[in-house]
Amino acid sequence: MNDERSMLSDPGRRRAAFRGGPLVPLAALALTAAAVSGCSCGDENGLPDDGEDGGMQSHMDGSVPGSDGGSRDAGRPPVDAWAAACDEDHPCPGDSRCVDGFCRPYGDGGTNEGCAQPPPPGPMLPSLQCAFERAPTGDPMPNAISIRHTPLVANLGIPSADPTEPTHASIVYVGVPSTAGCTGQGVLRVLDGDDCRQQAVFYDGAWLLHPSVTPAIGDLDPEAHNGPEIIAAAASGGLVAFNVDSVGGTTSITRRWSTTLSDEETPDRWGPSEWGRPNDCLWGGVSLYDLNDDGVPEVFFEGAVWDSDGVRITTVVDQSTPSVSYPVIATNGAAMVIGDFDSDGKAEVVAGNYTWEYDRANRRFVRDDVYRWGVGVPSGYVAVAELAEVPGRPANEPEIVVVMNGSVFVTTLEGQGGLGGTALATIVLEGNEPTLRYTGGPPTVADFDGLPGVEIGVAGGIAYEVFKLEPATGGGFELRQLWSQVAQDQSSNRTGSSVFDFNYDGRAEVVYADECFARVYDGRNGDVLFSQGRASWTWLENQVVANVDGDSPAEFVVGSSDRCASGAGGPACPLVDPIDRGVRCELDSHCPTGGVCDQGFCRCDSNTECPANYLCSAPLEGTPGGTGNVCRAQHVGCEPGIRIYEGANGLWASSRPIWNQHAYHVTNVGDDGVIPRTSETRPYWLTPRLNSFRQNVQRLPDSTEPSADVTVQSISAYCGDTSATTDLSATICNRGNQDLEDGIAVSFYAVGADGESRTPGCEVTIATLDSGQCTRVECAASLDASGLFEVEAEDQSGEEECEVANNSLRTFGQCVE
């Protein structure tokens, strides 16, 4: 029914007094509909504004009351109290949609033409898209295949193999021989993100590269429109920048500059030899940020800063003696984290125990003791995100996560009264009590469980752990462990990780590789969703997620430094992943080699029914019951180099075509590799969907299907026959493009004085609701008619809607004589 007739059939029922209404009963309910969020309705206390006759109706049906009792055209710019501003992060409430930045009501029979959702993604189902594990014929350093750092992703403008296709991203890394020691030397390799073929390699005996330092990618000269450059650490010290050019079907890498001191002539060999520690292993990563707000980035590495031409500007602590040990350098290096975290228009470097602010006039960093976190918080690996509302602190300032010395620390950026930052909470990583054994790696921040707030993921020597900052009993905060999974990282015990919401359900999965296996974990509980053998002595590397081949779904990129073979020089690993429960499935067709799907796992009788590099073995304890064995990952078949994994069903969420540096947090770089100005860099921690660190942004895949969208257009309350009952009604609409045939549950509640607690009133089920249709439902509740009421409408099909913020509506009610 689309005539929106009232289904209140009792002719003797008392009705509410509305402007222009035909009846004025002895007892009626004056009300105004108010959305749960995003709507400015009523007076300063949230109560309805009284009209001259004691009440005014608010419609969400395409019209609003006019002064003559009629309605005026809702197509004009909204001027009514309920017409809220809206954008991608602030959707419209009730039966309205966002038009030109304001919430406009739907008209009669209206639908959201763009209402579509991707099909259900199904199980994780990664499959190997391609691998680079052998150098092509004629390679200048064919044994330099191993990778020790975080692989990078960016579109370098290299033409696709198919000239009719647009360009897509490439994989960038420094290849090194597996047998090279801590001070090994490597070459720069660029691979096609689609098929892993080598697009270009740079080899110059005078400019070999340090393989354990993660390079950075960014446009050093945006006005030239030549695309992004690659900046890497030279094995001889300092940094080297490279251009990537494609001419006549040939792609080449050329050296753009190497770092110099401020005189622009003397080579700057910044590194362990210059620091007086020539035997140090150089780790860490290069970072890019626009300090001067001039549209051109500066380059950061291990406490030093260069301009876009490679000329030294300053050191972070403004010391001139290179042999001094710099506080910004954590043990074995840490990628520098830079941003305007206090929103004062100036860039800060956050290093763990101090924050330094950039003085543009004098071109130097000044340590700000206001932001000193004091004794007990070391220099370490850092992430920055909004973790909690801290009393006494500005709402627009994020918190700092530091990992070092076997512990996780969370601090404020600044303390109360300018006395230095406050350490909010700390927790010791597993395996570090009673004595310190494992350092812990660069932290990741994301929404792991789909519940309010974000969590912290950290890899250590014997476990991957996820923590949440929560209010502590008796005041203050504490870090609570949500889950832990066994890991093997006895070598560096400080690897990183990344996270991504592959199945776009609001919960991030974890992508983490230890010495023996690359895995994807369920962010809620750490359950292993996918595992594949790999071998690495581990450094600070993390695996990355990006759209590397230009299609819609994202892929993840895994690096290995050694072979998965006994006696091959790699770490000693178990033959079968000890925490992998098997290949996941929902249908038999998800089992690629003819196995049977039973209780969510592909079942097998022999190895021939398992994918390559999997073993048909007995299920682990706790695996859901089913018939037959399961296919579990083996530590076999892997080689040094790069592997790219894609979703076998092609339904993973899409993402950006870039991951440009170790300290990646989405808003630090554009899709085209341009580094934003300080004044134009979005404070990502203030936007819920971007409040993360080392997580790439989720985008829906191109493949979509029509979807439903349940909305609540209006809610009404009528005084019942007794003071203890209320007759409730609501108009429910389907503004999507798919008919609803599985029922809509409509629930009414009385809302408590705190605005949060609710008392159930009554429920009604709508059997079906076609696209563009609205219908009115009613039920009687044993509730007092005075107070605040809420109605919620929920599609019972279990399918995703286009928007869920419009599934509820609230109204204040009051019986009047």
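**Before you start.** The model is predicted, so local features need pLDDT of at least 70 and side-chain atom pairs count only at pLDDT 80 or more, while totals for chains, interfaces and linings use all residues. Residues are numbered from 1 along each chain as its sequence is written, and side-chain values use heavy atoms, without hydrogens and water.

**Whole chain.** Show the cartoon. The protein has 0 helices and 52 strands. Helices (H or I, at least four residues) and strands (E, at least two) are DSSP runs, numbered from the N terminus. Of 817 residues, 57% count as buried. Buried means under 20% relative accessible area, exposed over 50%, and partly exposed in between (1.4 Å probe, protein chains only).

**Asp 95 and Arg 735.** Select this pair. Their side chains meet in a salt bridge, at 2.8 Å from N to O. Asp 95 sits in the loop between strands S4 (71-73) and S5 (96-99), and Arg 735 in the loop between S46 (726-734) and S47 (744-751), 640 residues apart. Asp 95 is buried, at 0% relative accessibility. Arg 735 is also buried, at 0%. A salt bridge here is a side-chain nitrogen of Lys or Arg within 4 Å of a carboxyl oxygen of Asp or Glu. The whole structure holds 25 of them.

**Glu 639 and Arg 563.** Next, select this salt bridge, at 3.3 Å from N to O. Glu 639 lies in the loop between S42 (629-633) and S43 (641-647), and Arg 563 in the loop between S38 (555-560) and S39 (596-598), so the pair ties together parts 76 residues apart in sequence. Glu 639 is buried, at 17%. Arg 563 is partly exposed, at 42%.

**Arg 603.** Move to strand S40 (residues 601-604), where Arg 603 is found. Arg 603 is buried yet has no salt bridge. The nearest side chain of opposite charge, Asp 598, is 4.7 Å away. For charge, Lys and Arg count as positive and Asp and Glu as negative; His and the chain ends are not counted. Leaving aside neighbours within four places in sequence, Arg 603 is in contact (heavy atoms within 4.5 Å) with residues including Glu 609, Pro 619 and Asn 629.

**Asp 671 and Arg 699.** Their salt bridge has its closest N and O atoms 3.2 Å apart. Asp 671 is partly exposed at 30%, and Arg 699 is partly exposed at 35%.

**Last stop: Asp 770.** Select the loop between S48 (758-766) and S49 (774-781), which holds Asp 770. Asp 770 is partly exposed, at 38% relative accessibility.
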